[in-house]
Amino acid sequence: MTTLVGVRRAVTSPAINPSLFFDFRRGSLAALTGAGLITFTRATTATYFNSSGLLATAASGEARFEYDPVTLLSRGLWPLEPAATQLVTPTASIRDMTDASWIKITTTAALTATGIDGVVNSASTLTATGVNSTILQTLVAAASSRTYSAWVRRKTGSGTILLKQGTATEDITSQINSTTYTLVDLNDNELNVAYGFQINTSGDEIEVDCNQFEAGAVATSRILTAAGTRNADVAAITPLGSWFNAVEGTIVLDHIVSTGEDLASSMVFSFSDGTANELIELFTTPSAFQFSVIDGGISQLTINTGVTTVGQATKIASTYKVNDFAISVNGAAVGTDVAGTLPTVDRLYVGCRNGASFFLYGGLRTFAYYPRRLSNAELQRLSA
């Protein structure tokens, strides 16, 4: 278990000082000092990209502070995701596709590529020796929603490259490049499904690392052992401290929309009483950000605003007070609702609801709480 400590931020105007502030971009728990505690739990190890852009492993209970593997931009406290189990087997075949479990048709595999961890000869080079060449592994199991994913880099050629999962295919030709690895994924629902790659042009080559097959619609962080399980990331403040105002308050945060997020139900933050009946929440949805309040099990309001753009850093300011709710995204016009009561809450989760559902899959760079209803002009300024 890890404890993350909030810091108060000094600003020029005491009138808008936050009572709680976290800058997760610092990338170290030791750099977070002050009052207000977030408790972080995850009962297994987990992988992430470090400040050098290389795959690394965090210890059990250690929060992950990730960096974009290409730009090296800090992603902050990331990823916050649910439990998952690796279905690729055996362990060797996750990275070494010369393994006999990968059935090759006019395809050769060699363990000659430098992997996403920077280790030479740790990832696979796949070469097509014919047209529509395939390399597939089969999971014998009932039909269920599962996602196949891998990190891929083009080595030679420019022909079509497909991900395959049973009868489903995903053309990843335009997604990959010859310089950096790209995470590609395909979701499907089939019985006894075969998953892997199809290289359509003879002589074309790709480099592949860290194959993953898992339940659900989202590709999660890499699990490096067959049947290995990564437990859920849960970051929470419970109970709430003196920094919280039950009557009115404002939350300002900086969040990057991830390609891995389940945008239909990704929770950025959630104040609750531990149930689904008392909630103040912010979701990421496929088309917008959604600010929602539930009191006594009854929805009080839902405000949809802004545009979700994969890979884009998004600043959001949302505020609550009885019959007075508002949200601004990236400094845009404020969305409001002037009807609604307030729930009774005693805890805060970032990246999920009650530690059990609606996981973010992505993460947060900064999080600030102000113990009053800021003005609409302040919301726009702080989210710009």
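Visitor: What is the mean pLDDT of the chain?
Guide: The mean pLDDT, the predictor's confidence in each residue from 0 to 100, is 92 for the chain, and 92% of its residues reach 70 or more. This is a predicted model, in which local features need pLDDT of at least 70 and side-chain atom pairs count only at pLDDT 80 or more, whereas totals for chains, interfaces and linings use all residues. Residues are numbered from 1 along each chain as its sequence is written, and side-chain values use heavy atoms, with hydrogens and water left out.

Visitor: Where does pLDDT stay under 50?
Guide: One such stretch is residues 7-14, for which the model has 15 contacts (heavy atoms within 4.5 Å) beyond four places in sequence. Another is residues 29-36, with 25 contacts counted beyond four places in sequence.

Visitor: On to the sheet of five strands. What is its order?
Guide: The order is β10-β11-β18-β13-β16, in an open sheet with antiparallel pairing. Strands here are DSSP runs (E, at least two residues), numbered from the N terminus, and two of them pair if DSSP finds at least two bridges between them.

Visitor: Which strands stand at the edges?
Guide: β10 (107-113) and β16 (182-189) do; each has a single partner strand, so one side of each is left without a neighbour in the sheet. Neighbouring strands of this sheet are turned by 35° against each other on average, direction ignored; the axes are lines fitted to C-alpha atoms, and angles run from 0 to 180 degrees between N-to-C directions.

Visitor: And how many bridges does β13 form with β18?
Guide: Strand β13 (residues 145-156) pairs with β18 (residues 205-215) over nine bridges, in the antiparallel sense. With β16, β13 pairs over eight bridges, also antiparallel. V152 has V208 as its bridge partner in β18 and stands opposite T182 in β16.

Visitor: Which residues make up the covered face of β16?
Guide: T182, V184, L186 and D188 form the covered face, while L183, D185, N187 and N189 form the uncovered one. In a regular strand the side chains alternate between the two faces of the sheet.

Visitor: Is T147 buried or exposed?
Guide: T147, which lies in strand β13, counts as buried at 0% relative accessibility. Buried means under 20% relative accessible area, exposed over 50%, and partly exposed in between (1.4 Å probe, protein chains only). The side chain of T147 reaches the backbone oxygen of G216 at 2.7 Å.

Visitor: What does the side chain of E205 join?
Guide: A polar contact of 2.6 Å joins the side chains of E205 and T127. A polar contact is a pair of N or O atoms within 3.5 Å; within protein, one must be able to donate a hydrogen and the other to accept it, and residues adjacent in sequence count only if both atoms are side-chain atoms. E205 belongs to strand β18 and is buried, with a relative accessible area of 16%.

Visitor: Changing topic: which residues touch the most other members of the largest nonpolar core?
Guide: They are F269, F271 and F367, in a core of 40 residues. Such a core is a set of buried Ala, Val, Leu, Ile, Met, Phe, Trp, Tyr and Cys residues joined through side-chain atoms within 4.5 Å. Apart from it lies another core of 25 residues, including L163 and V208.

Visitor: Lastly, where is the peptide bond cis?
Guide: A cis peptide bond joins W78 and P79, with omega about -10°, and P79 lies in the loop between β7 (74-77) and β8 (84-85). The bond from T89 to P90 is also cis, with omega near 0°.

Conventions:
Helix = DSSP H or I, 4+ residues; strand = E, 2+ residues; numbered from the N terminus.
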